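Dear colleague,

Please find below the structure that I am handing over to you.

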Amino acid sequence: MSGHSKFANIKHKKAKNDAQKGKVFTKIGREIAVAVKEGGADPSLNRKLSDVIAKAKSNNMPNDTIQRSIKKAAGDGDNVHYEYITYEGYGPSGVAVIVETLTDNKNRSAANVRSYFTKGNGNMGTTGCVSFMFDKKGQIVIEKEATDMDEDELMMMAIEAGADDFEAEEEGYTITTSPENFSDVHAALEAAGIEMAEAEVTMVPQTWTTLTSEADIKAMNRMLDLLEDDDDVQNVYHSWDEE
């Protein structure tokens, strides 16, 4: 990740999420429901649910909204069957893109995602065509203004809790974990009262792509806007360096 600022991408993402809070909460609520149905309503026994709750909190989803989603799923109030389907492809100038959907209609999702790639001057590829360019990691981002803790103290806390890496930048810190240790590290930081700008298990690109032409940047933004506006699309991972 050398030379790449995580905070530039965070600002883009947060601005979009703030403008679409209701839609973001609905999507996370769907993830909570699936996690509860798969592994139960107790986050201490269901790591997937614990991870989704961490993501919900970093998106400022109110705790009572989170608890309502869990209770509704535990009571089986929604009998619609959702399944995760992942699509892969390329944006302008070969930007690698992974799209995770949670859908009750595979045909609809596939057709929509394919059209979004096309409208963004990209193309949908086959399964596995770009996923090898990403690593699945837990990622926690903390803005410097969100904590009074000394950098070394924060780093030691994260490492002792199970983090793999701690990266300091001018605007804040990025903590990287294995997917398995993410919950423990998040819990340690939460217990210390540290506010996290981002906290989720994500797909981190091994290399980043810089778009230099205005046409490519416009097309990539169009693709991302279309994908993120689709109710079936849960997560979009890409290798575009948005600095």
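Four strands make up an open sheet, ordered E3-E1-E2-E8, with antiparallel pairing. Strand E3 (123-124) and strand E8 (233-238) are the edge strands, each pairing on one side only. Strands and helices here are DSSP runs (E, at least two residues, for strands; H or I, at least four, for helices), numbered from the N terminus, and two strands pair if DSSP finds at least two bridges between them.

This is a predicted model, in which local features need pLDDT of at least 70 and side-chain atom pairs count only at pLDDT 80 or more, while totals for chains, interfaces and linings use all residues. Residues are numbered from 1 along each chain as its sequence is written, and side-chain values use heavy atoms, with hydrogens and water left out.

Strand E1 (residues 83-90) pairs with E3 over two bridges, in the antiparallel sense; Tyr-90 has Asn-123 of E3 as its bridge partner. Helix H2 packs on the sheet and touches E1, strand E2 (96-103) and E8, its direction making about 105° with that of E8. Contact means heavy atoms within 4.5 Å; axes are lines fitted to C-alpha atoms, for helices over the stretch in contact, and angles run from 0 to 180 degrees between N-to-C directions. Helix H5 (residues 106-119) lies across E1, E2 and E3 and runs at about 20° to E1.

The axes of H2 (residues 21-39) and helix H4 (residues 63-74) come within 9 Å, crossing at roughly 45°. Residues making this contact include Gly-29 and Ile-32 of H2 and Ile-66 and Ser-69 of H4.

Kind regards
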